[in-house]
Amino acid sequence: MKQLRPAFTIIEILISVIILSLAILPVLKVHTDNQEQIIYISERNKRALQDSLYLDTAIFQQHKETKSAYDILTGSFKINELKSREILKKNHKDIYIPEEIRITPLPEEGGPTAIVNEVMLKDKHSSNYYFFTLDGFE
């Protein structure tokens, strides 16, 4: 008579499945977290690209207004293509321009005065941008 080889019992198989499941759970959590971060970063980068349409010096006259990218850019560019106009008109941001900040050097050290202008764009992902200019040398 042939001898039967020992096989895995149902309990051993269940324990191995439980161990594998517990090992896979952290990997799935990390994957999900990374996916959410990738979506956020890609959305944030898209918004930053749209924000760059508003970074013209004409924006400093738009405090507490909601403007489209088309409204801001028409003073600097002539936009002939109808499709481009429509895309720019759909992109709206609330614009806030706080008072400029003057940074003066110490009198004994001398040097230029820096002027800092902040532009705050409010939307789903709000952004702050800064314009720096030097006023002159002393």
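Which residues make a nonpolar surface patch of about 610 Å²?

1. A word on the model. This is a predicted model, in which local features need pLDDT of at least 70 and side-chain atom pairs count only at pLDDT 80 or more, while totals for chains, interfaces and linings use all residues. Residues are numbered from 1 along each chain as its sequence is written, and side-chain values use heavy atoms, with hydrogens and water left out.

2. The nonpolar patch. The residues asked about above are I18, L20, L22, I24, L25 and L28. A patch is made of residues with over 30% relative accessible area and no salt bridge; like charges are joined within 9 Å, and nonpolar side chains (Val, Leu, Ile, Met, Phe, Trp, Tyr) within 5 Å. Areas come from the Shrake-Rupley method with a 1.4 Å probe, and for residues only the protein chains shown count as cover.

3. A look at L20. This leucine lies in helix α1, residues 10-51 (helices are DSSP runs of H or I with at least four residues, strands are runs of E with at least two, and both are numbered from the N terminus). L20 is exposed, with a relative accessible area of 55% (buried means under 20%, exposed over 50%, and partly exposed in between, with a 1.4 Å probe and protein chains only).

4. The salt bridges. Side chains of opposite charge can pair when their charged atoms come close. Counting a side-chain nitrogen of Lys or Arg within 4 Å of a carboxyl oxygen of Asp or Glu as a salt bridge, the total is six.

5. Do look at E43, K46 and R47, which salt bridges link in a network. E43 meets K46 at 4.0 Å, N to O, and the closest N and O atoms of R47 and E43 are 3.2 Å apart. Along helix α1, K46 is three residues from E43 and R47 is four residues from E43, each about one turn of the helix. K46 is partly exposed at 44% relative accessibility, whereas R47 is buried at 16%.

6. Another pair, E65 and K67. Their side chains form a salt bridge at 3.3 Å, N to O. E65 is partly exposed, with a relative accessible area of 30%.

7. Is N91 buried or exposed? N91 is buried, at 11% relative accessible area, and sits in the loop between α3 (82-90) and β2 (92-96). Beyond its neighbours within four places in sequence, N91 contacts Q50, L53, Y54, K67, S68 and A69 (contact means heavy atoms within 4.5 Å).
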